[in-house]
Amino acid sequence: MATVSGLTLDSKVPMNLLEKNNFINYKSQLENLRVVKSRLNRPLTYAEKLLYAHLDNPHEQDIERGVSYLKLRPDRIACQDATAQMAILQFMSAGMPQVATPTTVHCDHLIQAQKSGPEDLARAIDLNKEVYDFLATACAKYNIGFWKPGSGIIHQIVLENYAFPGELLIGTDSHTPNAGGLGQLAIGVGGADAVDVMANLAWELKAPKVIGVKLTGKMSGWTSPKDIILKLAGITTVKGGTGAIVEYFGDGVDTFSCTGMGTICNMGAEIGATTSVFPFNKSMVDYLNATGRSQIADFAKLYQKEYLSADAGAEYDQLIEIDLNTLEPHINGPFTPDLATPVSKMKEVAIANDWPLEVKVGLIGSCTNSSYEDMSRAASIIKDAETHGLKSKAIFTVTPGSEQVRATIARDGQLETFEDFGGKVLANACGPCIGQWDRQDIKKGDKNTIVSSFNRNFTSRNDGNPQTHAFVASPEMVVAYAIAGDLRFNPLTDKLKDADGNEFMLKAPVGLGLPPNGYDPGENTYQAPPEDRSSVTVQVSPTSDRLQLLTPFKAWDGKDATRLPILIKSLGKTTTDHISMAGPWLKYRGHLENISNNYMIGAINAENGEANNIKNHYTGKFDGVPETAGWYRDNGYKWVVIGGENFGEGSSREHAALEPRFLGGFAIITKSFARIHETNLKKQGLLPLNFVEPEAYDRINPDDEVDLIGLTELAPGKPVTLVIHPKDGEAWSTPLSHTYNSEQIEWFKYGSALNKMAASSA
């Protein structure tokens, strides 16, 4: 039997250094995989191997990429604090004594960037005390690991502590795929999906297609791993990855760091991909060794040939090639992460589009780009500029991804370099990336440009200003723009003037992938669940405006729906930020009634081109979207929303589905949905339906009434008929498709997936 460092295929190897009794299940996963391979009798991609190895019933599971619904058994669940509140509230209503699957909660979303890391953290702990107390006590009660505020961003904590090759992890955040950089499948889900797995139910996922991205050559100079995903987003667009896993392969894969691979997988969420993954390789071994997990690296080597590698001859549903030798730095935006511009073209494109040329703020860090390598390379550019007497022209901020990274760059000097440059070091948290930013340098409505190393740049996302032109780039390019203060600057070709007026060019960035003196863990911010949890009481105040225990939604009445008003026909891009804004609304993520007051307030009304101003179908009064929806509910009228393409793209937030359900919504009818949002709607008992004839969207007027016919015979693959009753003129009809399977139809009938779970338990 093969051995590595005394390990055998039968060894019991812990999943991480923090949990004593959770072990890696390679052996049983490989047995599952062998069953599937004997059935399919074809070579499998790396992603397929990992996915099918986690099947609940590999002997009988129907498997067809893009068609079948897979029943899976994830190894782990990770929740950030904003989504964890609702997930745990739902889990509590299931009445179980503890979670059935290893779970962690990470406090990263509720810390607003204002002054400095320490001041902002202290303020957040005070402001959010009841939420943190609820999460801490609930985690202690239900055997969940708790990462306190200040520990860092969920995806960095997972990479540093919990990710390992071959694992299947689900997380209640859309950028969960970050962990694909460590050779695992990490998939963003809504809270209701997480609750299923916490309650020991199999997790359901439509079998993804697999997009193969072949990387050849090697990056050099100013090009970084971020540019691979920025380039890919330009190729695929924001919906090109929907229903697919992106799998990277080719000789280029072995030429850069594990954390660089994490960056690429993280931003794969921006192309709609189910997840992204790199195959197990030496960079991952190096990272596992550096983070104290060499035993896991050695164990993975034993399984590399048969399990942790793609089969020769494996076929992809789509193939894309990127030559790293010729890849340029890219800048994506504004207002969408797939508008990709190579740096060589940025000057002419920016001028042609009348984008604001002055770079007001440069922001580095976030869950996407805050590795030791990112910080080292960014600091090297600043050091070079400082030798010429230059500091940042733009406001400059740094968001460390974790306490471990912060402590390490504090020890090794990069933090001091950023501060000497004029930079403000923020808390180890999401901060400006998710709109948690008290920006003071402009007024709302001021047209301006910011450049960040974040992942997402929808309108108003970072600072609440719809006129902020937000661009995403690598940390290296952000620093270059901060120094120049000008969007037209190209560090590969353009010169700057030093403090004495002499021209010079910035040197290309340099930096190490891993700290030569190891990581400094910094302050210990982890709370393990206690051995005896019987005396723990979960803290929820009945008078709280932040937390609210849930009441089950009503079951479907068993009838077709007739004469429903259209709450809003949304125009153009409608992301989860339009549907349920983050920023200041994050404080209400545990209180469904209060957070429902932000429902669709960012969506554009097709009737008048305005946001949050719609006409009440019955009174004729114009009011906000949530106020009108609440009026319909309170007066006994179900309602529908009409939307366009890729409706609900962006975050995994299930509040974008809980809110319309709470406000009396019945169906969301669109040209197409983003994957997570569609699933979230189904889970909460709403009907996500698609136009079979997309042109029907254009014919519908916001003051029409609609019928949904065929619900009494709702079945997989069977269309529903939408009958439209115009205010003036004859009624007409159009078919609607859906992606329901038999089990999901039960969720609709019972009023929600949670209702169905409770009924089954009873």
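Modeller: Let's go through a few backbone features and then a domain record. This is a predicted model, where local features need pLDDT of at least 70, side-chain atom pairs count only at pLDDT 80 or more, and totals for chains, interfaces and linings use all residues. Residues are numbered from 1 along each chain as its sequence is written, and side-chain values use heavy atoms, with hydrogens and water left out.

Biologist: Which peptide bond is cis?

Modeller: As background, most peptide bonds are trans. Here, the bond from Gly333 to Pro334 is cis, with omega near 5°. Pro334 sits in the loop between strand E12 (330-332) and strand E13 (340-342); helices (H or I, at least four residues) and strands (E, at least two) are DSSP runs, numbered from the N terminus.

Biologist: What about phi?

Modeller: Most residues other than glycine have a negative phi. Ser460 has a positive one, near 70°, and lies in the loop between strand E17 (448-452) and strand E18 (468-472). Asn612 isn't a glycine either, yet its phi is about 55°; look for Asn612 in the loop between strand E23 (604-605) and strand E24 (614-615).

Biologist: Why does Ser460 count as partly exposed?

Modeller: Because its relative accessibility is 23%, and buried means under 20% relative accessible area, exposed over 50%, partly exposed in between (1.4 Å probe, protein chains only). Asn612 counts as partly exposed at 30%.

Biologist: And which residues does the domain annotation cover?

Modeller: An unreviewed UniProt entry gives "domain: Aconitase A/isopropylmalate dehydratase small subunit swivel" for residues 566-693. UniProt positions follow the numbering used here, feature names are shortened, and annotations may be inferred rather than shown by experiment. Over residues 566-693 the chain is 27% helix and 21% strand, with end C-alpha atoms 19 Å apart.
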